[in-house]
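Subject: Structure handover and findings

Hello,

Here is the structure we talked about handing over. Please look through it alongside the notes below.

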Amino acid sequence: MGRRSDARQRIVDSALSLMNERGYTGVVVEDIMRSANVGKSSFYHFFPSKDALGEEVMKEYGRRWVDEILEESFGPQHEPLDRPFIFVQRLAKRIKEQDPIEGFWPASHAATSDVATESMRSQAHEVFLLAEQRFSAAFQEAIAEHDLMPNANPTALGKACVAYIHGLMMLCRAEQSPDPMQELGPLVARLWEPFLA
């Protein structure tokens with residue numbers, strides 16, 4: 001077994017990877033313990049239940065989502081209307097690399113699953129909300145810079161973009177391919193095209 005000092009993080013990382021691959025219900029505690037190379041007592045020392053671990057997985061997902069996808073895509077160094085495209089490119093790249101956790105999959109599962117706890121659903125909602133806020137802020141900035149007309153609704157556009165990209169993520173998952181995101185992701189621009197100044 002590994003050092004106890006990193007056992008908790010190994011459990012979270014293993015759960016995150018396995019749940020991304022199989023979904024929350026497709027993973028049992030024994031799978032996580034085996035993958036993390038920890039014993040039952042170590043697992044239950046840190047997490048009283050699989051649900052408690054699921055809640056921590058969603059928190060970790062949110063942290064990584066912000067650090068690795070949102071902050072990099074929506075940074076001020078990028079023009080406001082370029083940010084959604086950078087976001088799509090990063091997602092397509094992550095899917096192609098089959099990197100665990102990237103994309104909306106854990107959040108999608110928690111948001112729609114009957115077995116998810118209220119805390120997990122709340123964490124999932126926060127992930128979607130953060131993405132919507134970044135998109136909305138980019139559109140607000142584009143309005144201020146006169147790239148979008150003043151009658152554009154940044155909040156509605158942000159929600160629409162996240163919904164569209166979420167749908168593409170589900171399609172990528174169903175097809176086990178990054179192709180839908182690579183091919184259809186750039187069409188997200190059609191959502192704000194009517195408001196171009």
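Arg8, Asp13, Glu56, Glu60, Arg63 and Arg64 are linked in a network of salt bridges. A salt bridge here is a side-chain nitrogen of Lys or Arg within 4 Å of a carboxyl oxygen of Asp or Glu. By this rule the count comes to 11. This is a predicted model: local features need pLDDT of at least 70, side-chain atom pairs count only at pLDDT 80 or more, and totals for chains, interfaces and linings use all residues. Residues are numbered from 1 along each chain as its sequence is written, and side-chain values use heavy atoms, with hydrogens and water left out.

Glutamate 60 has two arginine partners to look at. Arginine 63 meets glutamate 60 in a salt bridge, at 2.7 Å from N to O. Both residues lie in helix H4, three residues apart, about one turn of the helix. Helices (H or I, at least four residues) and strands (E, at least two) are DSSP runs, numbered from the N terminus. Arginine 64 also forms a salt bridge with glutamate 60, and the closest N and O atoms are 2.9 Å apart. Arginine 64 and glutamate 60 are four residues apart in helix H4, again about one turn.

Burial differs within the first pair. Buried means under 20% relative accessible area, exposed means over 50%, and partly exposed is in between (1.4 Å probe, protein chains only). Glutamate 60 counts as buried because its relative accessible area is 10%. Arginine 63 is at 40%, so it counts as partly exposed.

Now a bridge between helices. Lysine 159 forms a salt bridge with glutamate 132, with the closest N and O atoms 3.8 Å apart. This pair links distant parts of the chain: lysine 159 is in helix H8, glutamate 132 is in helix H7, and 27 residues separate them. Lysine 159 is partly exposed, because its relative accessibility is 45%. Glutamate 132 is at 17%, so it counts as buried. Leaving out residues up to four places away in sequence, glutamate 132 touches Gly158, Lys159 and Val162. Contact means heavy atoms within 4.5 Å.

Helix H7 also holds glutamine 140. That residue is partly exposed, because its relative accessibility is 44%. Glutamine 140 and proline 150 are 10 residues apart in sequence and 9.1 Å apart in space, C-alpha to C-alpha.

Next, the overall fold. The protein has nine helices and zero strands. Along the sequence the pattern is α-α-α-α-α-α-α-α-α. Buried residues make up 48% of the 197 residues. Among contacts between residues at least 6 apart in sequence, 66% join residues at least 24 apart.

Then the core. A nonpolar core is a set of buried Ala, Val, Leu, Ile, Met, Phe, Trp, Tyr and Cys residues joined through side-chain atoms within 4.5 Å. The largest one has 54 residues, and Ile32, Leu53, Trp65, Phe87, Ile165, Met181 and Trp192 touch the most other members. The elements giving two or more residues to this core are helix H1 (7–22), helix H2 (29–36), helix H4 (50–73), H5, helix H7 (118–144) and helix H8 (154–175). H7 supplies the largest share of this core, 10 residues.

Helix H5 deserves a look. It covers residues 83–97, 15 residues in total. From first C-alpha to last, H5 reaches 21 Å, close to the 21 Å expected at 1.5 Å a residue. The expected span is 1.5 Å times one less than the number of residues in the helix. Buried residues in H5 are Arg83, Pro84, Ile86, Phe87, Val88, Leu91, Ala92, Arg94 and Ile95.

Last, the surface. The protein exposes about 9,800 Å², and carbon and sulfur atoms supply 51% of it. Accessible areas come from the Shrake-Rupley method with a 1.4 Å probe; for residues, only the protein chains shown count as cover. Leu171, Leu184 and Leu187 make a nonpolar surface patch of about 210 Å². Patches are made of residues with over 30% relative accessible area and no salt bridge: like charges are joined within 9 Å, nonpolar side chains (Val, Leu, Ile, Met, Phe, Trp, Tyr) within 5 Å. Leucine 187 lies in the segment after helix H9 (179–184). Leucine 187 is partly exposed, because its relative accessible area is 38%.

Best regards
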